[in-house]
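Here are some friendly notes to read with the model open beside you.

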Amino acid sequence: MRLPQRTQPGRGKLLWPRRGRCLPGAPNYCIFRASTTAFPLLLLPLLSALLGAAPLVLPGASAPEPAATQTATPQPAKYWVFLRDKRGVSFRAEAYFSAPALARRRRQGLPLSDSTDFPLRPDYLRQVQQSVDSVAGSSRWFNAVACWAKPHQVAALRRLPGVRAVEPMPAAELRPAARRLPTVGLADELTADDRQLAHRQTSSLGAEALRKAGLNGRGIRVAILDVGFTGASRHPGLAHLQQERRVVATYDFIKKSEFVYGGGMHGTEVLSCLAGALPDGTPLGLAPQAEYLLARTERTGRETFGEEEAWLAAAEWADRNGADILNSSLGYTDTRYFREQMNGRTSLVARAAAMAVRKGMLVVCAAGNDGDDPRWRTVGTPADADSVLAVGGLDADTWLATEYSSRGPAAGGRRKPNVAAFGSVVAAVPGGRYERTEGTSFASPLVAGLAACVWQQQRGLKAMELFHVLEQSGRLYPYFDYAHGYGLPQAVKCLQPSAATARPTLDAVTTTEGVEVVIRPEATLVLRPLPLRTDSAVAAPRAATADGRLEVPRAGKERTATAQPAPAAPDGIPLPPPNPEYCYWQLADAAGRLRRYEVLEVSQRAVLQLPTGAWQPGDVLRVHYRGFTLHYPLP
């Protein structure tokens, strides 16, 4: 239900969220989903048994082992076999790891190796090999073997003395966080709008400050785990990577070969948002001088088991080959898991990403493109892991979160996404062409490129220290919401962190009618003098609940205004939209969970009026305007 927009004095025009969408985070969302589906789902196994159908496998549940019948031979399924220990194995870090991998560990004060780096026990591995149809791979990090096995073989595996657990492999695929738009064309076919967007996708993060500081990612090694890199080795916008031998290693974990320049172009687009350029030199990413490890970990549309195994194997490979940064624009969502399982601990890829961070790598992941999917909405995995930098997508025209960008919080109320960058970009595609495309897939490598430049300058930072530097450089920091995170990271803040306290721009006053937030006069002079009041809307008058309090709806139920198009220059070439100074505000409960958040267009100094009864005991009002965040405990 949309609420009518009011026209009483006291608030700026609501710009976001759009079209009254309900954002995730309501405490009973998952309960509602489970309760509305539980009864029919409970009946399905009974119906299946009566009809002789295969048993139902619920998302997130262990796959049942099919019973042997006289009419059908049991087919092998894929499993993880977790082993008990690595006692007695020998290992030399200097012989296993590359020189950059050893240097990364020394630089961050990490041990050169630990038991998670050791190989699997050969006797345990032989026992598994002799007990299954075939072995598909193994993981040092998790002391596990991936294999194909029939039900009776699984039962035998569980009786082996060296086996700790046997778990079915998730029958789901990692999905690229991208949305196809029409291809732009060859370089000479790019429009002024396209060229402007190509410039802004990096300038919005502070490309000019990085250029002046001579930072381009040199000396940093970035691993990209993706679908495929079709045409990347021949694209003129990426030619310098081949000419200067900046692609130092490649591996296709699906086909078990070193050739990765096929299978899909999503990885090519992602790579170009790190290191690509237009023919006129306009950079598409911020780290053209970094070194790259390219790993193909997903087979589009067909593979149902291998992606999680391949992602884990690629992360271990990246560690061994000295990656500093791992970028992944792939993720699992509702094809395998429930929302409440996005806790950073359930999925193997989230646990693998967290392990990569413990090995000294910064892991940057796309938040996902499910923000406008009512079945999901929240970030996927591995972006749900606490130590993974999850990147949301911003609209390049409004600088606000796109509707498709996945929202937080992650399970347990944890803050996600962490930051956000442009989700609409110009990227390189096969055939020497470029395209305008969108998705958090491309916001992620833009931020990863900034991270490479910051680490180039501040090489002594540990992975999680860099993680926090990027968060704290966000345009909204310390303000946070479930759509924008801490906002768009800024290179200047990363390179020259300032201890100075932001100058106050807002004041909050308690009145007999509620709480009013007013912008200070001096905070508007740089822009234009603003009147104290114009015709606007009071925030959140709501229907009363049974106990007489005014109801505060879930975030996103408010009606939004339509953004205005950017003006055009006299020659018809659109001017770049200004970097807007919106007013962001939120209501948070005593535990820090957001009840509601909005973005307002500022047209008057009396920017927000919150009526008495629109909050609950212990709630806090936070308002952000022009670099200052007002923290106001509500009476």
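Predicted model: local features only at pLDDT ≥ 70, side-chain atom pairs only at ≥ 80, totals over all residues.

1. **Overall picture.** The protein has 14 helices and 24 strands. Of its 635 residues, 56% count as buried. If you look at contacts between residues at least 6 apart in sequence, 78% of them join residues at least 24 apart.

2. **The annotated site.** Which residues does UniProt mark as "active site"? The record, an unreviewed entry, places that feature at D226, H266 and S441, and such annotations may be inferred rather than shown by experiment. These residues are spread over 216 residues of sequence, yet they cluster in space, with a largest C-alpha distance of 10.0 Å.

3. **Where two of them sit.** H266 is found in helix α9, which covers residues 266-275, while S441 is found in helix α12. Is H266 buried or exposed? With a relative accessible area of 5%, H266 is buried, because buried means under 20% relative accessible area. S441 is buried too, with a relative accessible area of 0%.

4. **How α9 meets α12.** α9 passes α12 in a right-handed crossing. On the α9 side, the residues that take part are H266, E269, V270, C273 and L274. They meet S441, F442, P445, L446, A448 and G449 in α12, so you will find H266 and S441 named on the two sides of this contact.

5. In soluble globular proteins, nonpolar side chains tend to be buried together. Here the largest nonpolar core has 66 residues, and those with the most contacts inside it are I224, Y292, L294, I325 and L362. Helix α12 (residues 440-457) gives the largest share of this core, eleven residues. A second, separate core has 38 residues, including A223, W311, A315 and A352.

6. **A closer look at I325.** What does I325 touch, leaving aside its neighbours within four places in sequence? Its contacts are I220, R221, V222, A223, L362, V364, A448, A451, A452 and W455. Among them, L362 is also one of the residues with the most contacts inside the largest core.

7. Helix α3 runs over residues 99-107, and A101, L102, R104 and R105 in it are buried. Why can these be said to share a side of α3? They cover an arc of only 155° around the axis, which puts them on the same side of α3. A99 and R106, on the other side, are exposed. After α3 comes G109, whose phi is positive, near 70°.

8. **Cis peptide bonds.** I would check two prolines by eye. The peptide bond from T381 to P382 is cis, with omega near 20°, and P382 is in the loop between β13 (362-366) and β14 (389-394). The bond from Y477 to P478 is also cis, with omega near 10°. P478 lies in the loop between α13 (463-472) and α14 (491-495).

9. **Positive phi outside glycine.** R245 is not a glycine, but its phi is positive, near 55°. R245 is in the loop between α8 (239-243) and β9 (247-252) and is exposed, with a relative accessible area of 71%. R626 also has a positive phi, of about 50°, although it is not a glycine. The loop that holds R626 lies between β23 (620-625) and β24 (628-633), and R626 is partly exposed, with a relative accessible area of 29%.

10. **R195 and D280.** R195 belongs to helix α6, residues 192-203. At 31% relative accessibility, R195 counts as partly exposed. R195 and D280 are 85 residues apart along the chain, and their C-alpha atoms are separated by 9.8 Å.

Technical notes:
Residues numbered from 1 in each chain as written. Heavy atoms only, no water. Core = buried A, V, L, I, M, F, W, Y, C linked by side-chain atoms within 4.5 Å. Buried < 20%, exposed > 50% of the residue type's maximum accessible area, 1.4 Å probe, protein only. Helix = DSSP H or I, 4+ residues; strand = E, 2+ residues; numbered from the N terminus. Contact = heavy atoms within 4.5 Å. Arc of directions from axis to C-beta. Left-handed = near helix turned anticlockwise from the far one by under 90°.
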